[in-house]
Amino acid sequence: MQGLQVQLRSASPIRLEAEFDCGAGELVALVGPSGSGKTSMLRAIAGLWTPADVQGHIRVAGEPWMDTAAGVQLSPQQRRAGLVFQHYALFPHMTAHANVALAAEPGWSGEDVQTLLARLGLATLSQRRPSQLSGGQQQRVALARALVRVMSTPSLAATPDHLPGVLLLDEPFSAVDAPTRQTLYRELAALRQNVSVPMVLVTHDLQEARRLADRVVIVDAGQTLQIDTPARVFASPRNARVAELVGIQNHFEGHFFKDQPGWGRLRWTDSAQSDQGLNLSVFDKNKIDDGTPVTWVLNGEQVDVLADNGLLSAAEPGHTRLRCQLLEVLSLGEISLCTLEPEALPSQTITLNLTTRLLDRLQVQAGGWVQLLIAPGALHIMPVRTK
């Protein structure tokens with residue numbers, strides 16, 4: 001594989017059971033709560049964190065950087081890992097040019113460094129010290145310093161005998177303001193078109209992960225729980241813990257029943273009053289037995305909100321219609337955070353982000369009624385874990 005492969009296990013000082021890969025030119029985001037081990041994984045790849053009991057391997061383009069079975073453990077200096085720290089970690093007494101040149105791989109000249117700085121919009125700022133630069137400019141310097149560790153030439157194309165390394169980004173955009181963050185997003189996107197190296201991003205920002213990453217790795221307590229595209233992880237979490245970690249609001253309980261071939265029936269129940277419930281149509285992938293207790297999530301992006309005429313209209317085949325009352329509408333600019341209560345199950349609520357334009361078109365406000373048209377693909381069901 002011409003990319004990064006990581007498999008790590010450790011019991012101390014923190015528990016770690018991580019396994020993921022990142023292809024050349026791919027950006028993978030590590031997402032999880034504080035203390036979940038994301039930064040430790042990044043530091044392990046760079047060779048800056050090596051607990052005594054660690055087992056496993058780290059390979060880049062097939063080259064072992066760490067392989068405990070084979071007794072391989074390269075030093076940080078031997079690993080072509082460019083690490084961008086959250087707070088830049090620039091040397092305050094050195095110019096931007098000197099900060100970058102200090103980290104450069106052999107073969108980089110002063111002119112080459114200046115060319116790279118110019119690519120990142122820093123041509124006229126190369127002789128300034130960090131205190132003379134804005135947060136966004138310091139972050140560009142930190143990115144340039146990381147790039148000279150992983151690339152062989154200022155043309156940003158690796159030579160055959162000088163394989164690319166790995167670019168590691170530890171919360172790189174959290175310390176800059178929103179406009180600067182958007183600029184850096186664009187620069188990272190442009191950089192990916194020219195640099196074919198694996199990129200691993202640590203972030204707490206779920207929207208940032210969705211915007212930037214090809215795949216996300218959900219991390220909790222040192223363990224990788226799910227690896228997939230952002231769209232699939234957010235629409236189809238592997239289990240209830242993943243659903244919680246990615247902030248899915250519409251997470252409920254129920255039972256799954258088999259119906260006609262290819263179709264099932266999700267009985268949405270109130271845990272406090274299990275005799276109450278309503279049925280929703282779902283796909284049957286033959287992975288869950290008939291009558292199984294489940295938790296399930298509703299992907300609000302796949303729900304159509306329609307006008308209500310006081311009667312529940314007939315649903316399209318395979319779809320479910322729910323008549324709901326708008327309990328609360330909280331305006332957030334162009335988006336309103338809406339809480340809805342199903343008429344057939346008033347003990348439950350659904351949260352949807354609706355545009356002000358849609359609410360105006362439906363001529364509805366708090367206290368009014370709407371109908372939800374729910375496609376079967378908007379529902380993702382998961383068996384309840386039994387201990």
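A cavity here is a set of grid points where a 1.4 Å probe fits but cannot get out, and its lining residues have an atom within 4 Å of a point. The model shown in these close-up views is predicted.

**View 1. The largest cavity and its lining.** The residues that line the largest cavity are V84, Q139, L143, L169, P172, F173, L184 and L188. Two elements, α4 (135-150) and α5 (178-192), each give two or more residues to this lining. About 70 Å³ of space lies inside the largest cavity, and the residues around it divide into seven nonpolar, one polar and no charged. The structure holds two cavities of 30 Å³ or more, and the next view turns to the other one.

**View 2. The second largest cavity.** With about 40 Å³ of space, the second largest cavity is lined by L8, A44, W49, T50, P51, V54, I58, M66, Q73 and R79. Its lining residues divide into seven nonpolar, two polar and one charged.

**View 3. The largest nonpolar core.** In soluble globular proteins, nonpolar side chains tend to be buried together. The largest nonpolar core of this model has 53 residues, and those with the most contacts inside it are L143, L167, L188, L191, M199 and I218. Helix α4 gives the most to this core, contributing eight residues. Two of the residues with the most contacts in the core, L143 and L188, also belong to the lining of the largest cavity. A second, separate core has 32 residues, including V282, L326, V364 and L372.

**View 4. The surroundings of I218.** I218 is among the residues with the most contacts inside the largest nonpolar core. When residues up to four places away in sequence are not counted, I218 touches V31, Q223, T224, L225, Q226, V233, V242, L245 and V246.

**View 5. The salt bridge between R215 and D21.** Side chains of opposite charge can pair when their charged atoms come close. One of the 12 salt bridges in the structure joins R215 to D21, with the closest N and O atoms 2.9 Å apart. This pair links distant parts of the chain, since R215 lies in strand β10 (residues 215-220) and D21 in strand β2 (residues 16-22), 194 residues apart. R215 counts as buried because its relative accessibility is 18%, which is under the 20% cut-off, whereas D21, at 29%, counts as partly exposed. Salt bridges that share partners join D21, E26 and R215 into one network.

**View 6. The salt bridge between R210 and E301.** R210 pairs with E301 in a salt bridge whose closest N and O atoms are 3.5 Å apart. Here too the pair links distant parts of the chain, with R210 in helix α6 (residues 206-212) and E301 in the loop between β15 (292-298) and β16 (303-307), 91 residues apart. R210 is partly exposed, with a relative accessible area of 30%, while E301 is exposed, with a relative accessible area of 61%.

**View 7. The salt bridge between D308 and R323.** The side chains of D308 and R323 meet in a salt bridge, at 2.9 Å from N to O. Because D308 lies in the loop between β16 and β17 (320-332) and R323 in strand β17, the pair ties together parts that are 15 residues apart in sequence. D308 counts as partly exposed at 22% relative accessibility, whereas R323 is buried, with a relative accessible area of 13%.

Methods:
Residues are numbered from 1 along each chain as its sequence is written. This is a predicted model: local features need pLDDT of at least 70, side-chain atom pairs count only at pLDDT 80 or more; totals for chains, interfaces and linings use all residues. Side-chain values use heavy atoms; hydrogens and water are left out. On a 1 Å grid over the protein atoms alone, a cavity is a set of points where a 1.4 Å probe fits but cannot get out, and a pocket is an open set with protein on both sides within 12 Å along at least five of seven lines; lining residues have an atom within 4 Å of a point. Grid points are joined across faces, edges and corners, and a volume is the space filled by probe spheres set on the points. Helices (H or I, at least four residues) and strands (E, at least two) are DSSP runs, numbered from the N terminus. Ala, Val, Leu, Ile, Met, Phe, Trp, Tyr, Cys and Pro count as nonpolar, Asp, Glu, Lys and Arg as charged, and the others, Gly among them, as polar. A nonpolar core is a set of buried Ala, Val, Leu, Ile, Met, Phe, Trp, Tyr and Cys residues joined through side-chain atoms within 4.5 Å. Buried means under 20% relative accessible area, exposed over 50%, partly exposed in between (1.4 Å probe, protein chains only). Contact means heavy atoms within 4.5 Å. A salt bridge is a side-chain nitrogen of Lys or Arg within 4 Å of a carboxyl oxygen of Asp or Glu.
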